[in-house]
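Here is a short walk through one structure. Keep the backbone in view as you read.

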Amino acid sequence: MIPFNKPYLTGKEIDYIKDSHLRGHLSGDGYYTKCCSEWLKQFTCSKKAFLTHSCTGALEIAAILCDIKEGDEIIMPSYTFVSTANAFRLRGGIPVFVDIRKDTLNIDEKLVEEAITEKTKAIVAVHYAGVPCEMDVLMSLANSYNLILIEDAAQAIDSSYKGKKLGGIGHIGCFSFHETKNIISGEGGAIILNQERFIERAAIIREKGTNRYNFYQGLVDKYTWVDIGSSYLPSEIVSAFLWAQINHIEKITKRRKEIWMNYENRMNSIKSEKLAYSQKIEDFDQYNAHMYYLILDSKVNRNQLISHLKENNICAVFHYIPLHSSPEGLKNSRSVGDLKITDDISERIVRLPFWIGVEQHQSYIVDKIQEFFNIN
């Protein structure tokens, strides 16, 4: 079976993990955590970056920083992973879903203002597939209505918007280093803080609600419980693995772009026959090539294509079940508009295998897709 994903190793991961053990520190915020955090800060041109155990954890910290209370509203797309909404539901917040754009599958920035009420606290921009949302429009709305703009950049490391790295544009950014992402640590994430006002409290929340971070910085002579929080730190083993990946990010992005372009060039016959279309990339130079997907003409054909590929030992997948139609979403969220594009796209999308090394299988994968469509 050609897998949908296969974790990429640079060759230095085990060496750095061994080194972290030799340094005598395997819990959080050791040498490698600091290396990764400082790199992320510089890379995104942010005020501060903290590693977390997941992007879910980063989003949960963001929700606390937004001071979400029962009944507060957070505007976001329904077409996203559950963590985007769940982080705010945990604080009593109400996700307010708006539709996505057909071309990028990102939140439709033209629909956001209509969804703003006196209860709105934040907007979450999910950069689907690593393609940037229209950040100028969203930032302008956030500033006009005194809202916090959070970038769910889980899929977007090394993508940019008008020359600025994603994650470093909104007030807060959140990254994922899950094994399905471009650079990985198995599980892992980071919260990016682009305003000074969030730094001190984020450090406290991340350290179980204590001022332990300040203690290790020599700013206090003892640490104690001062706020709410939880254990959001990754271990040094995770950070050491991530550091090996970070050191190869340019090479990783380059190879992923080659894979993406190889798919794109081979899909011309399918697209010319209007049997499917692929994602729209406005500026390929600023794209991280996180995934390659096709939108078919119907749910039936989408499902039949996935079955056809599986029969030929190729694992292709679809996602997401829109959050507004999920059991929890039906109970504890609201939608503005009918979300027709979200419902439609979720039933017609298929993601193709995408990992460094899949190049040797791409011709076979595309051949089998063409076979499904009866294209010679």
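A residue counts as exposed when its relative accessible area is over 50%, as buried when that area is under 20%, and as partly exposed in between. The model is predicted. Take Lys 274 to begin with. Its relative accessibility is 71%, so Lys 274 is exposed. Lys 274 sits in the loop between helix H11 (268–272) and strand E10 (276–278). Its phi is positive, about 60°, although Lys 274 is not a glycine.

Asp 67 is another non-glycine residue with a positive phi, here about 55°. Look for Asp 67 in the loop that runs between helix H3 (55–65) and strand E2 (73–77). With a relative accessible area of 37%, Asp 67 is partly exposed. Why point these out? Most residues other than glycine have a negative phi, and most peptide bonds are trans.

The peptide bond between His 319 and Tyr 320 is cis, with omega about -10°. Tyr 320 belongs to the loop between helix H12 (299–311) and helix H13 (327–332).

Now turn to a helix pair. Helix H10 (residues 249–266) packs against helix H15 (residues 359–372) at about 25°, and their axes are 10 Å apart. That angle makes H10 roughly parallel to H15. Their crossing is right-handed. By class, the contact of H10 with H15 has 4 nonpolar, 4 polar and 4 charged residues.

Which residues does Gln 362 touch, leaving aside those up to four places away in sequence? They are Ile 259, Asn 262 and Tyr 263. Gln 362 is in H15. Its relative accessible area is 2%, so Gln 362 is buried. Its side chain makes a polar contact with the side chain of Asn 262, at 2.9 Å.

Methods
Residues numbered from 1 in each chain as written. Predicted model: local features only at pLDDT ≥ 70, side-chain atom pairs only at ≥ 80, totals over all residues. Heavy atoms only, no water. Axes fitted to C-alpha atoms, helices over the stretch in contact; angles between N-to-C directions. Helix = DSSP H or I, 4+ residues; strand = E, 2+ residues; numbered from the N terminus. Parallel < 35°, antiparallel > 145°, perpendicular 65-115°, else oblique. Left-handed = near helix turned anticlockwise from the far one by under 90°. Nonpolar A, V, L, I, M, F, W, Y, C, P; charged D, E, K, R; others polar. Buried < 20%, exposed > 50% of the residue type's maximum accessible area, 1.4 Å probe, protein only. Polar contact = N/O pair within 3.5 Å; in protein donor to acceptor, adjacent residues only side chain to side chain. Contact = heavy atoms within 4.5 Å.
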